[in-house]
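Biologist: Could you walk me through the charged pairs here? I'm new to this one.

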Amino acid sequence: MATAAPLHDERRHLQRFPAAELEVRLKPGRSRFRRGEVVEAADFTREGVAIITSRKLRMGQKVLVDLTLRLDRSELHQNRLVAVVTNVRAEGEQHRYGLKFDFRANATMRALETQARLGRMEGILERIQKMKARHRSGEDLIRTYSGQG
């Protein structure tokens, strides 16, 4: 289990997973848009998520995030996650934001159930990535042998 450490020490200690199967709904602060806006998820760990959006966010800004991980026969949800904008990078007309979950923000964020569900989402995304990598390497192997045969 990871211990609390300053943000600069933690930045890259977790492997990030592509989040194509993850829907992220962003709710900046107390927005009038109660349902929020679905934004593109770039990558995910149990400690945060990278998103791509045209919406302008500020470094240090707190936002609410709802996550939905779509599976073959079900969905895994985690709503009302409090996150803080920790980095920003322009990508054309959009911005890529790093959001770090604030596990001290409220009782929901401190709940072991919340942290366990985020860990489960991370584990599922890791397995999906490994399956895709095996599939790609199998296709490469078939191309190699069929080209020689």
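**Charged pairs**

Modeller: Start with E126. This is a predicted model, and E126 is partly exposed in it, with a relative accessible area of 27%.

Biologist: Which side chain does E126 meet in a salt bridge?

Modeller: K130. The two side chains meet at 3.4 Å, N to O. K130 is partly exposed too, with a relative accessible area of 46%.

Biologist: Where do E126 and K130 lie?

Modeller: Both are in helix α3, residues 112-148. They sit four residues apart, about one turn of the helix.

Biologist: Which residues do salt bridges with shared partners join into one network?

Modeller: E23, R25, R70 and E75.

Biologist: How many salt bridges does the structure hold?

Modeller: It holds 12. One of them pairs D66 with K27, at 2.9 Å, N to O. That pair links distant parts of the chain: D66 is in strand β5 (residues 62-70), K27 in strand β2 (residues 22-28), 39 residues apart.

Biologist: Is D66 buried or exposed? And why?

Modeller: Buried, because its relative accessibility is 10% and the cut-off is under 20%. K27 also counts as buried, at 14%.

Biologist: New topic: D102. What does its side chain meet in a salt bridge?

Modeller: The side chain of K62, at 3.2 Å, N to O. D102 lies in the loop between β7 (94-101) and α2 (107-110), and K62 in strand β5, so the pair ties together parts 40 residues apart in sequence.

Biologist: Is D102 buried or exposed? What about K62?

Modeller: D102 counts as buried, at 15% relative accessibility. K62 counts as partly exposed, at 46%.

Technical notes: Residues numbered from 1 in each chain as written. Predicted model: local features only at pLDDT ≥ 70, side-chain atom pairs only at ≥ 80, totals over all residues. Heavy atoms only, no water. Salt bridge = Lys/Arg side-chain N within 4 Å of Asp/Glu carboxyl O. Helix = DSSP H or I, 4+ residues; strand = E, 2+ residues; numbered from the N terminus. Buried < 20%, exposed > 50% of the residue type's maximum accessible area, 1.4 Å probe, protein only.
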